[in-house]
Amino acid sequence: MDIEEISQVLYKEEKQTIKTIPADFYLEAEKYVRKLEEEIEKIGNSRSPEFKMLQDEHERALSDLETIFMKRIGKVIIRATTQSNANKPISKDIEKLLPVEKRLYDLVLQGIKAAKIELLGPILYPGSENTAVWPEIMERQFSAGFKGGTEAKMRTPVIAARGETGAIPDKNNINEEYVVVRILKDLPTFTGADGRNYTVSAEEVVVLPQLNATGLIKRNAAKLIVGQEDSGKD
């Protein structure tokens, strides 16, 4: 990667449409920036023309990368806002987002829907039993008995199931109806056994209905968090 490649991406992002960028764009950008810093450090002489040239390139790269990020995030928020009102199939533009950007889209969309239910729901739909479900990342501890009488505590950040309706599972009965798994690959939104819609991405640790978790594990799309296999056994 070089400054011209970054400039080309920035130029394309000036348009309102979401553009496809390489999955490793930010990773390669990081390598490029670190390399510039190493070269600047090697020169050491701040009065050197080469030092000044590299320093200017470094500052420009950082500025352009941040601008690219902000422009794409702005488009994500606009798409999520539009989708929350339209109730129509998701725009194909969303397929061009990086996994992290797609995750942000899902969180923003659910947050807007939750806010609408809480603030406008009583006005627009009086008597409705719809419950606002906010996207929530929780630090939970699960303690359970394992073989040998040992006790384990899981301190992994667990992303609450991101459903559109329904309540977040109660941690007191989580081992009875829900399990905690690590997602191994990005998955399309699916409806869980509890009637909620779930959107999960690779490497997330999430709470899912046991039936759905079992299906994903059989498809090698998820992995049970170690320790749960023996949970609840004598």
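Student: What makes Lys-52 and Asp-56 about one helical turn apart?

Tutor: Lys-52 and Asp-56 are four residues apart in helix 3, and therefore about one helical turn separates them. An α-helix has 3.6 residues a turn, so residues three or four places apart point the same way. Helices here are DSSP runs of H or I of at least four residues, strands are runs of E of at least two, and both are numbered from the N terminus. Keep in mind that this is a predicted model, in which local features need pLDDT of at least 70 and side-chain atom pairs count only at pLDDT 80 or more, whereas totals for chains, interfaces and linings use all residues. Residues are numbered from 1 along each chain as its sequence is written, and side-chain values use heavy atoms, with hydrogens and water left out.

Student: Why is the contact between Lys-52 and Asp-56 called a salt bridge?

Tutor: The term requires a side-chain nitrogen of Lys or Arg within 4 Å of a carboxyl oxygen of Asp or Glu. The closest N and O atoms of Lys-52 and Asp-56 are 3.5 Å apart, so the pair meets that definition. A search of the whole structure finds 12 salt bridges.

Student: Are Lys-52 and Asp-56 buried, exposed or partly exposed?

Tutor: Buried means under 20% relative accessible area, exposed means over 50%, and partly exposed is in between, using a 1.4 Å probe and protein chains only. Lys-52 has 46% relative accessibility, so it counts as partly exposed, and Asp-56, at 35%, is therefore partly exposed as well.

Student: Which residues form a network of salt bridges, and how do you know that its members are buried or exposed?

Tutor: The network links Glu-13, Arg-72, Lys-75 and Glu-101. Arg-72 has a relative accessibility of 2% and so counts as buried, Glu-13 is buried at 1%, and Lys-75 is buried at 6%.

Student: Why is strand 5 described as largely enclosed?

Tutor: Five of the six residues of strand 5 are buried, so the rest of the structure largely encloses it. Strand 5 also pairs with strand 8 in the antiparallel sense over five bridges, and three bridges join it, again antiparallel, to strand 9. Tyr-178, for instance, has Pro-209 of strand 8 as its bridge partner, while Arg-182 is partnered by Lys-223 in strand 9.

Student: What is meant by the largest nonpolar core, and which residues touch the most other members?

Tutor: A nonpolar core is a set of buried Ala, Val, Leu, Ile, Met, Phe, Trp, Tyr and Cys residues joined through side-chain atoms within 4.5 Å. The largest has 18 residues, of which Val-181, Ile-183, Leu-208 and Leu-216 touch the most other members. Strand 5, strand 8 and helix 7 each give two or more residues to this core, and strand 5 gives the most, with five.

Student: How do you know that the buried residues of helix 7 line one face?

Tutor: The buried residues of helix 7 are Asn-212, Ala-213 and Leu-216. Seen down the helix axis, they fall within an arc of 100°, so they line one face; the arc is that of the directions from the helix axis to the C-beta atoms. On the other side of helix 7, Leu-211 and Lys-218 are exposed.

Technical notes: Two strands pair if DSSP finds at least two bridges between them.
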